[in-house]
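I am opening my notebook on a new structure. I will look at helices and then at strands.

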Amino acid sequence: MHSKVWTDMFVLALPIAEKIFRPVAVYFFLVIGLRLAGKRELAQLNPFDLVVLLTLSNTVQNAIIGDDNSVTGGIIGASTLLLVNYLVVRFLYRHEKLDRLVEGKSCSLIENGQVLDNKLTQEVLTRQELEAAAHKQGFGDLQEVERAVLEPSGTISFTAKKPAPDETRHQEVLKRLDQLSRELAQLRLREAPPNA
């Protein structure tokens, strides 16, 4: 009985070449598929996108491991995925144009405080999803945002507007009060009687 346990755990049911080729094929399919699906899939902005990403790994699991459930097969498959990813990332790092083609470009969603509805439509994002992303980054609403960019990674980067005119005026008044306080203190020192 013990030898069957060890055999089931460590003896491959598939040839090693197949165990290596399967993860490579699935890896490139997923990279291309996620690129074509758009940045939204990476951003996981709504429950539907999250469900797709979660079930995607389970869907391709059998394609990666085949009929082999051995520990050795799993290690070979995982090692292959890690190695292929390492090589692809290093290759793309050295080839910037190809990297931009694979990763895509960033897309402005808000410019000069104005929401670009055509860009939201192009990226299949709703205004509510954009607002939710802004809330996650500490903005009360989109009125506080000067610029928002959907990055190739699927994250949305927000830039706050410069201080509001009221805030700027308040800061100027505080500076003037500080200056007046210093001048008043200097006048009091001049008028104070010298110590004898």
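How are α5 and α6 oriented to each other? The model is predicted, so I keep that in mind as I read. I looked up helix α5, residues 71-94, and helix α6, residues 96-103. They pack at an angle of about 120 degrees, and their axes are 5 Å apart. Angles of 65 to 115 degrees count as roughly perpendicular, and those over 145 as roughly antiparallel. The two helices are therefore oblique to each other.

Next I checked who meets whom. From α5 come Phe91, Leu92 and Arg94. In α6 they meet Glu96, Leu98, Asp99 and Val102. I sorted this contact by class: 4 residues are nonpolar, 3 are charged and none is polar.

Then I turned to helix α8, residues 127-136. Which of its residues are buried? I found Glu129, Leu130, Ala133 and Ala134. Looking down the axis of α8, I see them fall within an arc of 140 degrees, so they line one face of the helix. After α8 comes Gly138, with a positive phi near 95 degrees.

Last, the strands. I found an open sheet of 4 strands with antiparallel pairing, in the order β2-β1-β3-β4.

Definitions and conventions:
Residues are numbered from 1 along each chain as its sequence is written. This is a predicted model: local features need pLDDT of at least 70, side-chain atom pairs count only at pLDDT 80 or more; totals for chains, interfaces and linings use all residues. Side-chain values use heavy atoms; hydrogens and water are left out. Axes are lines fitted to C-alpha atoms, for helices over the stretch in contact, and angles run from 0 to 180 degrees between N-to-C directions. Angles under 35 degrees count as roughly parallel, over 145 as roughly antiparallel, 65 to 115 as roughly perpendicular and the rest as oblique. Contact means heavy atoms within 4.5 Å. Ala, Val, Leu, Ile, Met, Phe, Trp, Tyr, Cys and Pro count as nonpolar, Asp, Glu, Lys and Arg as charged, and the others, Gly among them, as polar. Buried means under 20% relative accessible area, exposed over 50%, partly exposed in between (1.4 Å probe, protein chains only). The arc is that of the directions from the helix axis to the C-beta atoms. Two strands pair if DSSP finds at least two bridges between them.
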